[in-house]
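Hi,

Here is the structure I promised to pass on. Have a look through it first, and then read my notes below.

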Amino acid sequence: MGKYWFMVLLFLGVTAIGCQRDHTGEDSRAYAEDEAGSEAVNTLVSGSKYRIVTDVMELRDSVEGILLQDYWPDTMLTEEEFAERTGISESMYDCFLAEYQRSEAGVDMLILVKAKEDYVEDVETYLNDYREVLLNIYEKQPMDEAKIFASRIETIGNYVCFVQLGANISDLKDSGREEMVRRCQEENERAIDMMERKIALFED
């Protein structure tokens, strides 16, 4: 199966893999137990009474904190699903978070990868390739295409961030593609600005 079609298998998954910052600043494995009692490694369990705090989860929460009801991603990808979609394997990063909007009504997405030093450029390349795949898939769906076109891939230190946000732009449909792109770019820029400030605090 070619790389294009391999990445076209979209929109599955319910959990996210991450790395935890302990009090010494070192990455460490973390465990969570859901209410049914099953154990998951490095997993944020939906509906769990436990919540793993990670670098990337803190970044995600900071973005949701400024966008509030306009933050639409609601479903996490597993490590395996993330690799299937993007080609980025666990050997390339210390931790990641990939959250997308499960509903067919939109394509809002946030991907955060804390890449290993030697793999930052590789992660950037894979995410850019993934973005191109999405543009091809949604080229005939104006609002979705506008969101993807407006998406940003920003590298801050060794964090590679794929930001594809914008929430409800249906009110701009009659205003044309340029206006829809502009609105989404503004939301993406707000998210990136917040993450830049947060990452600066991580590094202090």
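A term to settle before the notes: I call a residue buried under 20% relative accessible area, exposed over 50% and partly exposed in between, using a 1.4 Å probe and protein chains only. Helices (H or I, at least four residues) and strands (E, at least two) are DSSP runs, numbered from the N terminus.

Keep in mind that this is a predicted model, where local features need pLDDT of at least 70, side-chain atom pairs count only at pLDDT 80 or more, and totals for chains, interfaces and linings use all residues. Residues are numbered from 1 along each chain as its sequence is written, and side-chain values use heavy atoms, with hydrogens and water left out.

Overall, the protein has six helices and nine strands, and 49% of its 204 residues are buried.

Strand 6 (residues 93-100) is the part I'd look at first. Seven of its eight residues are buried, so the rest of the structure largely encloses it. On one side of the pairing list (two strands pair if DSSP finds at least two bridges between them) is strand 5 (residues 75-76), antiparallel to strand 6 over two bridges, with Thr75 opposite Tyr100. Strand 7 (residues 109-115) also runs antiparallel to strand 6, joined by seven bridges; there, Val113 is the bridge partner of Phe96.

Now the rings. Phe, Tyr and Trp (its six-membered ring) pair if their centres lie within 6.5 Å, and planes under 30 degrees apart count as stacked, over 60 as edge-to-face and the rest as tilted. The structure holds five such aromatic pairs. One of them, Phe82 with Phe96, is stacked, at 4.3 Å centre to centre and 10 degrees between the planes. It links distant parts of the chain, with Phe82 in helix 3 (residues 79-86) and Phe96 in strand 6, 14 residues apart. Both Phe82 and Phe96 are buried, and together with Tyr93 they form one aromatic cluster.

Tyr100 turns up again under a charge: the charged end of Arg85 sits over its ring, 4.3 Å from the centre. For this I require NZ of Lys or CZ of Arg within 6 Å of the ring centre and within 35 degrees of the ring normal. Arg177 does likewise over the ring of Phe149, at 4.2 Å from its centre.

Lastly, helix 6 (residues 177-203) has 27 residues and reaches 39 Å from its first C-alpha to its last, close to the 39 Å expected (1.5 Å times one less than the number of residues). Its buried residues include Met180, Cys184, Glu187, Asn188, Ala191 and Phe202.

Cheers
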